[in-house]
Amino acid sequence: LAKQVINLLKSKLICFRKDKLFMLLSMTGYGKAEKKASNFDISVQLKSINSRYIDIVSRVDDSIFIFENDIVSLIKKKCVRGKIYLNITTCTGPGVK
């Protein structure tokens with residue numbers, strides 16, 4: 001599950017254009033990604049606004065709380081400044097819909 005979250009974040013922080021990688025440079029934006037599988041659902045939302053320094057405010061479900069520092073570190077590697085709101089919700093169990 002943690003790998004799914006990290007892959008979703010990576011796919012939203014780096015974009016592909018004409019077979020070249022480039023990073024998003026704007027500090028203001030919103031992105032949402034959802035993954036539905038047979039045993040879990042996950043939703044990741046990122047919202048950023050202009051700020052002089054890097055500031056990450058995160059709300060993460062208890063099921064992936066132990067990975068919060070890894071996820072925040074990944075965002076800090078990709079973003080230099082701005083206030084970033086991270087919201088991750090999960091739903092786990094057999095037959096999740």
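**Close-up views of a predicted model**

**View 1. Arg52, a loop residue of the predicted model.** Arg52 is exposed, because its relative accessible area of 64% lies over the 50% cut-off. The residue sits in the loop between β4 and β5. In sequence, Arg52 and Lys83 are 31 residues apart. In space, their C-alpha atoms are 8.4 Å apart.

**View 2. The pairing of β5 with β6.** Strand β6 covers residues 82–92. It runs parallel to β5, and seven bridges join the two. Asp55 has its bridge partner in β6, namely Lys83. Lys83 is also the residue whose C-alpha lies 8.4 Å from that of Arg52.

**View 3. The four-stranded sheet.** The sheet is open, and its strands follow the order β3-β4-β6-β5. Pairing is mixed. β3 (29–36) and β5 stand at the edges. Each has a single partner strand, so one side of each is left without a neighbour in the sheet. On average, neighbouring strands are turned by 10 degrees against each other, direction ignored. Strands of a sheet pair through backbone hydrogen bonds, in either a parallel or an antiparallel sense.

**View 4. Helix α2 across the sheet.** Helix α2 spans residues 68–78. The helix lies across three strands: β4 (40–49), β5 and β6. Relative to β5, α2 runs at about 145 degrees.

**View 5. Glu68, a buried charge in α2.** Glu68 belongs to helix α2. Its side chain has no salt bridge, yet the residue is buried. The nearest side chain of opposite charge is that of Arg59, 9.6 Å away. Leaving aside residues up to four places away in sequence, Glu68 touches Ser58 and Val60.

**View 6. Confidence along the chain.** The protein averages a pLDDT of 78, and 68% of the residues score at least 70. Confidence is highest in strand β5 (residues 54–60), at a mean of 92. Strand β2 (residues 20–23) has the lowest, at 46. Over residues 14–23, pLDDT stays under 50. For that stretch the model has 12 contacts beyond four places in sequence.

Conventions
Residues numbered from 1 in each chain as written. Predicted model: local features only at pLDDT ≥ 70, side-chain atom pairs only at ≥ 80, totals over all residues. Heavy atoms only, no water. pLDDT = per-residue confidence, 0-100. Contact = heavy atoms within 4.5 Å. Pairing = 2+ DSSP bridges. Axes fitted to C-alpha atoms, helices over the stretch in contact; angles between N-to-C directions. Buried < 20%, exposed > 50% of the residue type's maximum accessible area, 1.4 Å probe, protein only. Lys, Arg positive; Asp, Glu negative; His and termini not counted. Salt bridge = Lys/Arg side-chain N within 4 Å of Asp/Glu carboxyl O.
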